[in-house]
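Subject: Structure handover

Hello,

Here is the structure I promised to pass on. Please open it next to this email and follow along.

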Amino acid sequence: MKFVLNGAGTEVKSHPMSRLLDVLREECGLTGTKEGCGEGECGACTVLVDGEPVCSCLIPVAQVEGTEVVTIEGLGDRHPLQILFMNEVGAQCGICTPGMIMAALALGPSPTLDDVKTALAGNLCRCTGYSAIYRAILKWREMPDVTSSASAAR
Amino acid sequence: MAGNAGRHVVRERSAMRTAISGLEVRSAASLGEALAILRDDERTPIAGATDLYVALNFGTLKPRQFLDIWSVSELRDISMKGTTLVIGALATYTSLIRSTLVGTHVPMLVEASRQVGGAQIQNRGTLGGNVANASPAGDSLPVLAAVDAVVVLRSADSERRIPITKFYTGYRATVMRPNELIVAIEIPPVEGKQWFRKVGTRAAQAISKIVVAGVRARTPRIAFGSVAPTVVRAPETESALAEGATIDEAALVLSREIAPIDDLRSTAEYRTRVATNLLRRFWIETG
């Protein structure tokens with residue numbers, strides 16, 4: 001199966017019914033994407049497929065053939081959202097953080113707090129109590145250089 | 001398949017994750033190809049896979065041969081055929097939420113779609129998947145039952161239209177034949193105010209304890225999820241209201257008409273109480 005992974009063409013040989021999550025972590029060596037619940041409840045495994053956040057634990061890799069997949073590694077390590085999560089203490093144990101950030105990337109311009117909560121309704125955090133996460137995301141969307149989530153993700 | 005519903009029902013504590021190596025999948029690029037494959041070969045169709053992987057991960061899924069129809073783009077359309085709204089089986093919850101046609105004709109389907117899982121599930125879960133998965137807790141199903149939706153089934157050589165109220169024959173059982181696919185859901189014009197409410201443990205990501213969809217027409221139409229082995233209409237309650245019963249009388253009829261069970265998400269007593277409360281609220285808010 002061929003797809004674009006974090007901007008580069010890639011080919012994987014895993015079984016077509018393998019979970020995208022396992023292919024990313026085990027065959028592609030990208031362990032930034034975490035497994036939480038394995039049943040679509042927690043959002044820790046969130047990645048973008050063609051710009052839309054999805055649970056990589058619920059997707060057969062066969063279904064990403066020909067698509068564009070972005071994982072947390074695709075942001076590099078100096079993305080403003082990553083830095084804001086650190087500065088606002090939006091991360092503690094860190095398991096939910098990559099999924100939170102990937103889900104936040106799909107937000108439209110000028111989101112309200114309610115928009116942020118809705119966008120992150122599929123992501124659970126058991127440490128922070130969410131306020132710091134919402135604060136980090138709202139500050140990111142207020143930054144002048146954020147023009148679109150798509151450009152930020154690539 | 002799709003829908004974020006009923007997943008804990010199949011969970012067994014002792015089960016092991018299903019070995020992926022024992023599975024086999026074929027992908028279809030068009031509806032014609034998918035139907036030809038199903039004519040010759042018994043396979044379980046998969047679309048958004050959101051319920052499928054839950055069962056695989058907990059080792060409780062029986063099928064081993066799958067037909068991936070996610071790429072069959074002709075099943076994603078949402079359009080009008082005369083006055084009937086036709087929703088392709090592969091329309092995702094996200095596309096239902098974004099569709100002006102759905103928002104105009106069946107706003108409560110948009111409401112129900114917003115309450116399915118989070119954005120990640122809404123981006124993959126499909127309406128046809130929710131129907132096919134046949135969970136009594138499927139969030140879209142009471143909406144479809146209350147608007148008298150029709151399920152369009154197609155095989156390589158025939159097409160059938162089954163009213164959603166006749167589609168389910170028992171717990172997770174449907175009239176579908178192995179060689180058939182759900183291709184669309186048809187919704188006739190809906191007259192009267194629409195009302196939807198889902199009661200779960202929390203607002204997002206919850207499997208419902210009870211779901212209600214109602215249409216306030218001359219004969220009101222009311223459907224419930226999670227109170228029976230399948231989605232159900234409440235015909236006796238509907239007739240009582242149509243014949244001018246007070247809401248207290250109708251609530252009594254409803255409490256005798258439904259027979260929910262105790263399970264890990266709720267109790268029969270709670271469900272009956274909440275069902276009657278929701279009936280009252282439906283009546284007040286649409287009056």
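This is a predicted model: local features need pLDDT of at least 70, side-chain atom pairs count only at pLDDT 80 or more; totals for chains, interfaces and linings use all residues.

**Strand β3 of chain A**

In strand β3 of chain A (residues 46-49), A:Thr46 and A:Leu48 point one way, A:Val47 and A:Val49 point the other way, and all are buried.

β3(A) has a strand partner on either hand in what follows. With strand β4 of chain A (residues 52-55), β3(A) runs antiparallel, joined by 4 bridges. In that pair, A:Thr46 is opposite A:Cys55 of β4(A). With strand β5 of chain A (residues 68-70), β3(A) also pairs in the antiparallel sense, over 2 bridges.

In what order do the strands of the open sheet in chain A come? The order is β2-β1-β5-β3-β4, with 5 strands and mixed pairing. At the edges are β2 (8-11) and β4 of chain A, each of which pairs on one side only. From one strand to the next, the twist averages 40°. As background, strands of a sheet pair through backbone hydrogen bonds, either parallel or antiparallel.

Helix α3 of chain A (residues 97-104) lies across β3 and β4 of chain A. The helix runs at about 35° to β3(A).

Most residues other than glycine have a negative phi. Two residues of chain A are worth a look with that in mind.

A:Asp50 has a positive phi, near 50°. Where is A:Asp50? It lies in the loop between β3 and β4 of chain A, and the hairpin formed by these strands has 2 residues between them. A:Asp50 counts as partly exposed because it has 14 C-beta neighbours inside 10 Å; a residue needs 20 or more to be buried and 12 or fewer to be exposed.

A:Tyr130 also has a positive phi, near 75°. This residue sits in the loop between α4 (113-119) and α5 (131-142) of chain A. Why does A:Tyr130 count as partly exposed? Because it has 16 C-beta neighbours inside 10 Å.

**Chain A as a whole**

Chain A has 6 helices and 5 strands. Read from the N terminus, its elements run β-β-α-β-β-β-α-α-α-α-α. The radius of gyration of chain A is 15 Å, close to the 15 Å that the globule rule gives for 154 residues, so the chain is as compact as a globular protein of that length. Its C-alpha trace spans about 40 × 30 × 25 Å along the principal axes.

Of the 154 residues of chain A, 50% count as buried. Among contacts in chain A between residues at least 6 apart in sequence, 60% join residues at least 24 apart.

**Domains of chain A**

The domain assignment divides chain A into domain 1 (2-74) and domain 2 (76-153). The C-alpha centres of these two domains lie 20 Å apart. How many residues of domain 1 of chain A are in contact with domain 2 of chain A? The contact takes 17 residues of domain 1 and 14 residues of domain 2.

On the domain 1 side, the elements that give two or more residues are β3 and β4 of chain A. The largest share, 3 residues, comes from β3(A). By class, this side has 8 nonpolar, 7 polar and 2 charged residues.

**Contact with chain B**

The contact between the chains takes 27 residues from chain A and 23 residues from chain B. On the chain A side, β4(A) gives the most, with 4 residues. The residues on that side divide into 14 nonpolar, 9 polar and 4 charged.

**One residue of chain B**

B:Val190 is in the loop between β10 (181-187) and β11 (193-199) of chain B. Is B:Val190 buried or exposed? B:Val190 is buried, because 21 other C-beta atoms lie within 10 Å. Leaving out residues up to four places away in sequence, B:Val190 touches B:His105, B:Val106, B:Val147 and B:Val215. B:Val131 is 59 residues from B:Val190 along the chain, and their C-alpha atoms are separated by 20 Å.

Regards

Technical notes: Residues are numbered from 1 along each chain as its sequence is written. Chains are lettered from A and ligands numbered from 1 in the order in which they are written. Two strands pair if DSSP finds at least two bridges between them. Domain bounds come from an automatic or database domain assignment. Two residues are in contact if their C-beta atoms, placed from the backbone, lie within 7 Å. Ala, Val, Leu, Ile, Met, Phe, Trp, Tyr, Cys and Pro count as nonpolar, Asp, Glu, Lys and Arg as charged, and the others, Gly among them, as polar. The radius of gyration is taken over C-alpha atoms; the globule rule is 2.2 Å times the number of residues to the power 0.38. Axes are lines fitted to C-alpha atoms, for helices over the stretch in contact, and angles run from 0 to 180 degrees between N-to-C directions.
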